[in-house]
Amino acid sequence: MIAALAPLFMGPFVSYRDVLVTRDDPRPSIPSALLLEPEHLEPVLQRFSPENAGQDRRALASQWSKYYLVRLIPPVVAAALVLGHRLPLDFDQVEVVLDAQGLPEAFKLPDEGGAFSTRPADPFQRFSELLDGHLQPFVQRLASQVKLSPKVLWSNAGNYFEWFMGEMLKASLPAALLADGKALLETERRPDGSRNPMFFPVKYVEVPCHLRPEGSWRQRRVCCIRYRLETMGHCDNCPLIDEPPPQMSDL
């Protein structure tokens with residue numbers, strides 16, 4: 001664990017305690033870039049979901065990417081927003097610890113990072129290490145390897161970013177502290193005019209209370225295509241279905 005981040009990983013967030021570490025962590029790891037090369041990616045995907053071997057590789061890769069993103073994004077977002085801590089996330093400098101199933105368990109960073117030297121001017125500066133340093137190359141390389149639309153992978157990332165923002169609000173963190181995270185999801189264009197791939201990843205649809213007690217359904221805007229795997233079906237938040245099914249995991 002990175003000592004400076006320890007205050008973040010208590011209570012509901014304790015499962016992220018040992019996700020971000022430095023190179024001195026003794027667990028075996030593989031460089032992120034090497035992991036996405038065919039000779040490593042294919043065995044990992046097969047180990048991850050042997051029951052779906054030989055099925056749609058795009059759907060399998062999308063499903064695996066969710067586990068990668070849901071481990072990486074929350075602690076990075078919490079560090080950037082709550083502690084104002086910048087983490088070195090350059091894709092070519094990060095190593096991944098995989099568990100026995102081929103799922104990302106932790107990420108080894110080249111160093112512990114530190115506080116932002118100056119206050120970020122906008123959410124894209126605050127999250128530049130995450131968006132430009134890591135997610136952009138991760139999405140492009142994985143999409144290229146399995147011939148998958150990058151929009152699907154960016155949607156997976158946006159889905160977990162938005163979900164974790166909600167979790168931090170539930171933890172009673174001040175809304176002002178989370179402002180840059182909220183702005184990232186609500187800003188359609190980056191400062192240079194290019195499209196923000198994290199823009200508006202989910203929507204909340206009003207539904208009868210018997211379908212959702214809270215009266216709204218959290219629905220993704222882009223399908224993760226997991227339904228292409230015979231063992232999976234549509235996720236709880238799938239945009240291809242007309243109403244929410246009984247609640248289940250969206251992984």
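This is a predicted model: local features need pLDDT of at least 70, side-chain atom pairs count only at pLDDT 80 or more; totals for chains, interfaces and linings use all residues.

Trainee: In what sense do strand S7 and S8 pair, and over how many bridges?

Mentor: Strand S7, residues 202-206, pairs with S8 in the antiparallel sense, and five bridges are found. In general, side chains of a regular strand alternate between the two faces of the sheet. As for cover, four of the five residues of S8 are buried.

Trainee: Which strands pair with S4?

Mentor: Strand S2 (residues 30-31) pairs with S4 (residues 95-98) in the antiparallel sense over two bridges; there, Ile-30 has Val-96 as its partner. S4 also runs antiparallel to strand S5 (residues 104-109), to which four bridges join it. S4 and S5 form a hairpin with five residues between them, and Gly-102 in the turn has a positive phi of about 85 degrees.

Trainee: I turn now to charged side chains. How many salt bridges does a search of the whole structure find?

Mentor: The search finds 14 salt bridges. In one of them, the side chains of Arg-57 and Glu-42 meet at 2.4 Å, N to O. Arg-57 lies in helix H3 (residues 57-82) and Glu-42 in helix H2 (residues 38-48), so this pair ties together parts that are 15 residues apart in sequence.

Trainee: Which salt bridge is formed by Arg-190?

Mentor: Arg-190 meets Asp-132 in a salt bridge of 3.0 Å, N to O. Arg-190 is in the loop between helix H7 (179-186) and S7, while Asp-132 is in helix H5, so the pair ties together parts 58 residues apart in sequence. Their cover is given by relative accessibility: Arg-190, at 18%, counts as buried, and Asp-132, at 38%, is partly exposed.

Trainee: Which residues are linked in a network of salt bridges?

Mentor: Asp-25, Arg-27 and Glu-105 are linked in such a network.

Methods: Residues are numbered from 1 along each chain as its sequence is written. Side-chain values use heavy atoms; hydrogens and water are left out. Two strands pair if DSSP finds at least two bridges between them. Buried means under 20% relative accessible area, exposed over 50%, partly exposed in between (1.4 Å probe, protein chains only). A salt bridge is a side-chain nitrogen of Lys or Arg within 4 Å of a carboxyl oxygen of Asp or Glu.
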